[in-house]
Amino acid sequence: MKTTTICQGCWEQMHVPIVIRGPFSIPYRLMGIHKSQMHPNLCTICESSFTKVKKQKQIVIDTTILFADLRGYTHLSQEIDDARINELLHLFYDECSKAVWEMEGIVNKFIGDAVLAVFNFPMVRNNHVQNAVEAAFQLQKRCLNIKKEIGLGEEHSLGVGIGVHTGHCSLGEVGTSYKDFTVIGSVVNIASRIQNAAGSGEILVTDEVLSALNNSITVTEKRVLNLKGIDKAINGYTISQNGTANTMA
Ligand SMILES: [Zn+2]
């Protein structure tokens, strides 16, 4: 990933150059403006001063949401010691972040053994659906070696399940005493639910994602999903690149 000297979010959203790297970033750091944890090319204004910047608490925009979850983690946490579990989560967070950042998405949250990534804000990209799907493929590839890296054998099952959905989402600050920058709405809920329905090593996407991809990927299976809390049945598609399956060694 190419790192930038100024914050890409502030530049694209407001045309304001906020320096986040190099000697000219020192005055900004003294003012309390740092690199964002959500993406190394963004700054903390992008997450914490959202209300001031956009002059509203929430904005509704087209985004693509990616949820990924480490399968086998709960079981494994009962079998191996805390140090190795820590190492496992560390590697997972690291590989997820790299895959998402590379495709200019933000890592909005890590929730235990799961990640929520958002594409198309604050770095606006016309091909945000393609970017999110590419990040999903990269994430699966990057996680293939995690098991070996922490020295787990064949007897342990570990994999990643991914769900991707796209549509209008509400993005912004929630709460007053405890402020949280996050994305909400039915698109997020569906993305989360289809991620639950994805098996280990699978990437499950919706009709909306598939139609944006223009046959650039291979659909390996179609499933009709009745998801918890979602009224209508939803079509889920497992996808692969050039017909290759994502299985963890
Ligand atoms: Zn910024």
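Contact here means heavy atoms within 4.5 Å. The model in these views is predicted.

**View 1**
Serine 97 sits in helix α6, which spans residues 82-102. Is serine 97 buried or exposed? Its relative accessibility is 9%. Buried means under 20%, so serine 97 counts as buried. Which residues does serine 97 touch, not counting residues up to four places away in sequence? They are Val107 and Phe110.

The zinc ion has the protein donors Cys7, Cys10, Cys43 and Cys46. Each gives its SG atom. These atoms lie 2.3 to 2.4 Å from the zinc ion. Along the chain, the donors follow the spacing C-x2-C-x32-C-x2-C. Cysteine 7 lies in the segment before α1 (8-14), and cysteine 46 lies in helix α3 (residues 45-48), so this pair ties together parts that are 39 residues apart in sequence. Cysteine 7 and cysteine 46 are both buried.

**View 1. Angles at the zinc ion.**
What arrangement do the four donor atoms make around the zinc ion? Their angles run from 92 to 128 degrees. Four donors count as tetrahedral if all angles lie between 85 and 135 degrees. The arrangement at the zinc ion is therefore tetrahedral. For comparison, the ideal angle for four tetrahedral donors is 109.5 degrees.

**View 2. Where domain 1 meets domain 2.**
The domain assignment gives domain 1 as 8-54 and domain 2 as 58-240. The C-alpha centres of the two domains lie 26 Å apart. At the interface, 16 residues of domain 1 are in contact with 16 residues of domain 2. The size of an interface is often given as the accessible area lost when the parts come together. Between domain 1 and domain 2, the buried area is about 1,300 Å². Carbon and sulfur atoms give 65% of that area.

**View 3. Salt bridges.**
How many salt bridges does the rule find across the interface of domain 1 and domain 2? It finds one. Arginine 125 forms a salt bridge with glutamate 12. The closest N and O atoms of arginine 125 and glutamate 12 are 3.0 Å apart.

**View 4. Isoleucine 230 in its loop.**
Isoleucine 230 is in the loop between β7 (218-225) and β8 (234-240). Leaving aside neighbours within four places in sequence, isoleucine 230 is in contact with Asn189, Ile190 and Arg193. How far is isoleucine 230 from leucine 76 in space? The distance is 30 Å, C-alpha to C-alpha. In sequence, isoleucine 230 and leucine 76 are 154 residues apart.

Definitions and conventions
Residues are numbered from 1 along each chain as its sequence is written. This is a predicted model: local features need pLDDT of at least 70, side-chain atom pairs count only at pLDDT 80 or more; totals for chains, interfaces and linings use all residues. Side-chain values use heavy atoms; hydrogens and water are left out. Donors are N, O and S atoms within 2.8 Å of the metal (3.2 Å for Na, K and Ca); water is not among the atoms, so sites may look incomplete. Four donors count as tetrahedral if all angles lie between 85 and 135 degrees; four count as square planar and six as octahedral if opposite donors are over 155 degrees apart and all others between 65 and 115; anything else is irregular. Helices (H or I, at least four residues) and strands (E, at least two) are DSSP runs, numbered from the N terminus. Buried means under 20% relative accessible area, exposed over 50%, partly exposed in between (1.4 Å probe, protein chains only). Domain bounds come from an automatic or database domain assignment. Buried area is the accessible area (1.4 Å probe) that two parts lose on being put together, summed over both. A salt bridge is a side-chain nitrogen of Lys or Arg within 4 Å of a carboxyl oxygen of Asp or Glu.
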